[in-house]
Amino acid sequence: MAVAIEEARRAMEDGEVPVGAVVVLDEKVIARAHNLREGLRDPSAHAEVLALREAARKLDRWRLTGTTLYVTLEPCAMCAGGLILARISRLVFGASDSKAGACGSVFDVVRDTRLNHRVEVASGVLGGASQNLLKEFFDSRRTRTEAVEN
């Protein structure tokens, strides 16, 4: 999770919402990414999606069975769907997302028994550090907006 937090910090430096993701196989990091929606002008450029794409390229397969995704923020519905489609075995996330989380908060896509794959989930891992990055980012945005309005 520490590597995912490093990625989240890189996102923040790039002016992106600070979310970082890492795919691990056999205790080795095989892919890492951070949000790039603003930089790529791509609504699907979430950290999770970018990390899944890199992992699939490196492993030369779309089935990522046996891997764990570490991400600083609970995945949204799009990303949770990607985890199912990629057959990720385990998800570890930091901060919960009470507005858009699809891994237990608003929805629970990754453990829905109607789907053909379910993901083991561990939540709250370094959640405080992940939440602090998000708070710092959005507080700085509000401060800049208030300065411009005044």
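**Salt bridges and a buried valine**

Reader: What makes R32 and E7 a salt bridge in this predicted model?

Author: The distance between their side chains, N to O, is 2.7 Å. The cut-off is within 4 Å, for a nitrogen of Lys or Arg and a carboxyl oxygen of Asp or Glu. The R32 and E7 pair therefore qualifies.

Reader: Why can this pair be said to tie parts together?

Author: R32 lies in strand β2 (residues 28-34), and E7 lies in helix α1. Those parts are 25 residues apart in sequence, so the pair ties them together.

Reader: How many salt bridges does the structure hold?

Author: The structure holds 8.

Reader: What makes E120 and R90 one of them?

Author: Their side chains meet at 3.3 Å, N to O. The limit is 4 Å, so the pair counts as a salt bridge. E120 lies in strand β5 (residues 120-123) and R90 in strand β4 (residues 90-95), so the pair ties together parts that are 30 residues apart in sequence.

Reader: Why are E120 and R90 classed as they are for accessibility?

Author: E120 is at 48% relative accessibility, so E120 counts as partly exposed. R90 is at 27%, so R90 also counts as partly exposed. The exposed class needs over 50%.

Reader: How do you know that D108 forms a salt bridge with R111?

Author: The closest N and O atoms are 3.0 Å apart. That is within 4 Å, so the pair passes. D108 is partly exposed at 31%, and R111 is partly exposed at 35%.

Reader: Now V19. Where is V19 placed?

Author: V19 is in the loop between α1 (2-13) and β1 (20-25).

Reader: Why is V19 called buried?

Author: The relative accessible area of V19 is 3%. The cut-off is under 20%, so V19 is buried.

Reader: What does V19 touch?

Author: Leaving out residues up to four places away in sequence, V19 touches A8, A11, A33, H34, N35, A47, E48, V71, T72 and L73.

Reader: What separates the C-alpha atoms of V19 and S130?

Author: They are separated by 8.1 Å, with the two residues 111 residues apart along the chain.

Conventions
Residues numbered from 1 in each chain as written. Predicted model: local features only at pLDDT ≥ 70, side-chain atom pairs only at ≥ 80, totals over all residues. Heavy atoms only, no water. Helix = DSSP H or I, 4+ residues; strand = E, 2+ residues; numbered from the N terminus. Buried < 20%, exposed > 50% of the residue type's maximum accessible area, 1.4 Å probe, protein only. Contact = heavy atoms within 4.5 Å.
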